[in-house]
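Here is a short report on one protein model. Look over the sequence and the structure first, then read on.

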Amino acid sequence: MAPTRTRLTLGGDLEVGRIGYGAMRLTGEGLWGEYADREGGIRLLRQAVEDGVTLIDTADAYGPHTNELLIREALHPYPEQLVIATKGGFVRGGRELSSLSPIGNANYLRQAAHLSARRLGVEQIDLYYLHTGWAQDASFEEQVGTLAELRQQGLIKHIGLSNVSPEQLRAARSIVEIAAVTAHYNVVAQQEAELLEAATEAGLVFSPWQPVSLSTPGAPIDTAGPEAARRVIEPIAVRHGATSSQIALAWLLAQSPAMMPVPGTTNLAHVRENLAAQDLELSAEDLQAINSIASAGTATQSDLQETFL
C-alpha cells in the first residue's frame with residue numbers, strides 16, 4: 001500500500017500536495033517562444049496530474065505567454081483538485097533575458113492578470129503572484145493594493161508574493177491576506193531563511209523555486225551540485241535508495257510544515273521521482289549533515305532577475 005501523503009491548505013480553502021510542478025521549462029530555448037515538443041509537453045502535463053500533481057506553477061513571462069496557453073490546451077477544463085498558480089509583473093522585450101524588466105503600475109498589473117485569466121481559460125485565478133518586489137514605477141504597497149482590488153473583484157482567489165523581502169511580506173500582509181510566498185531556496189542557497197521563517201510563522205505556504213538545483217541563481221541548473229554538497233548528499237541518497245534530487249526535496253519538506261517545492265522538469269520519470277520524495281523520511285543525522293552544507297554564495301538581485309522563476 002502506498003504511504004499516505006500529507007497535504008497543505010493554501011489560503012484556507014485549497015488543499016494541495018506538498019510537491020507541485022513548475023512548468024517554466026515547457027517553453028522555447030532561453031524561455032522564449034513555444035516549447036519544441038508541444039505534444040510531448042501536453043502529455044507530460046496530463047500525466048503529471050494523473051500521477052498526483054495538484055498545483056502547477058506558471059507565469060505570463062514564461063514564453064512569454066506560451067506556457068499558460070500550453071497548460072490550458074493540455075488541462076482545460078481543469079480537474080477540481082488542480083490549482084493553477086501564475087504570476088505577473090515582468091515584461092520582456094526580446095529573446096535576451098537582459099530585456100526582462102519589472103513593471104508594477106496599476107494598469108499594467110490589471111491587464112496582466114486579466115490576460116492571464118483569459119489565456120488559462122478561467123474566470124478566477126486560483127493563486128496569482130506579484131512576480132517581483134523590484135518594480136520602480138509604483139510603490140510596492142500600491143502594487144499589492146492593485147492585486148487586493150482584483151481579489152475583491154473576484155478575478156483573483158488568492159494572492160502570492162514572489163522574490164520579496166521579509167519586510168515586504170509584512171507590509172503586504174498589512175494590506176491584504178497573502179496565501180503563499182515563492183523564493184529561491186534549496187540545500188545550497190539558504191539566504192531566504194528569514195523569509196521562510198516569516199512565512200511559516202504567518203501560516204503561509206512557502207514554495208521554493210529551483211528546489212533541487214545545487215547551483216546559484218543565474219548558473220546552469222546542476223542537480224549534481226558542487227563537490228561539497230555531493231560529498232554530503234550522495235551517501236545519504238545511497239542509504240535511502242533515492243536520488244540526490246529526492247534527498248534535496250525531502251530536506252526541504254523537513255524544514256517547515258508549510259513547505260511546497262515546485263520542481264520543474266521536462267521528463268515524466270523525474271516528475272514521478274519528485275513526487276516520491278514525499279515518502280522519504282530523513283533521520284536527524286541526515287538533516288544535520290545537510291544543514292552543514294555551506295551556501296554556494298549569496299545571490300544578487302541581478303542573478304535572481306535573470307532566472308525569475
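The side chain of Gln168 reaches the backbone oxygen of Gly133, at 3.1 Å. This is a predicted model. Gln168 sits in helix 5, which covers residues 166-173. Its relative accessible area is 18%. Buried means under 20%, so Gln168 counts as buried.

Which residues does Gln168 touch, not counting residues up to four places away in sequence? They are Gly133 and Phe140.

## Helix 5 and its cover

The buried residues of helix 5 are Pro166, Gln168, Leu169, Ala171 and Ala172. Several elements cover these buried residues, including helix 4 (140-153) and helix 6. Strand 9 (156-162) and strand 10 (180-184) are also among the elements of that cover.

## Helix 5 against helix 6

Helix 6 spans residues 193-201. Its axis and that of helix 5 come within 9 Å and cross at roughly 25°. Angles under 35 degrees count as roughly parallel, so helix 5 and helix 6 are roughly parallel to each other.

Helix 5 brings Pro166, Glu167, Leu169 and Arg170 to the meeting. Helix 6 brings Glu194, Leu195, Ala198 and Ala199. How do the residues of this contact divide? There are 5 nonpolar, no polar and 3 charged.

## Helix 8 against helix 10

Now take another pair. Helix 8 runs over residues 244-255, and helix 10 over residues 284-291. Their axes come within 11 Å and cross at roughly 100°. Angles of 65 to 115 degrees count as roughly perpendicular, so that is how helix 8 and helix 10 lie to each other.

On the helix 8 side, the contact is made by Ile247, Trp251, Ala254 and Gln255. On the helix 10 side, Leu287, Ile290 and Asn291 take part. The residues of this contact divide into 5 nonpolar, 2 polar and no charged.

The largest nonpolar core has 75 residues. Which of them touch the most other members? They are Tyr21, Leu45, Ile56, Ile71, Leu75, Leu161 and Phe206. Helix 8 gives the most to this core, with 7 residues. A second, separate core has 14 residues, among them Leu10, Val83, Ala85 and Val205.

Leu161 is worth a look. Leave out residues up to four places away in sequence, and Leu161 touches Tyr129, Leu130, Phe140, Val144 and Leu169, among others. Its other contacts include Ala172, Ile178, Ala180, Val181 and Thr182.

## Two loop residues

Thr132 lies in the loop between strand 8 (125-130) and helix 4. Is Thr132 buried or exposed? It is buried, with a relative accessible area of 1%. Its side chain reaches the backbone nitrogen of Trp134 at 3.0 Å. Set aside its neighbours within four places in sequence, and Thr132 is in contact with Gly89, Phe90, Pro102, Gln143 and Ser162.

Glu96 is in another loop, between strand 6 (90-92) and strand 7 (100-102). Its relative accessible area is 55%. Exposed means over 50%, so Glu96 counts as exposed. Along the chain, Glu96 and His114 are 18 residues apart. Their C-alpha atoms are separated by 26 Å.

Methods. Residues numbered from 1 in each chain as written. Predicted model: local features only at pLDDT ≥ 70, side-chain atom pairs only at ≥ 80, totals over all residues. Heavy atoms only, no water. Helix = DSSP H or I, 4+ residues; strand = E, 2+ residues; numbered from the N terminus. Buried < 20%, exposed > 50% of the residue type's maximum accessible area, 1.4 Å probe, protein only. Polar contact = N/O pair within 3.5 Å; in protein donor to acceptor, adjacent residues only side chain to side chain. Contact = heavy atoms within 4.5 Å. Axes fitted to C-alpha atoms, helices over the stretch in contact; angles between N-to-C directions. Parallel < 35°, antiparallel > 145°, perpendicular 65-115°, else oblique. Nonpolar A, V, L, I, M, F, W, Y, C, P; charged D, E, K, R; others polar. Core = buried A, V, L, I, M, F, W, Y, C linked by side-chain atoms within 4.5 Å.
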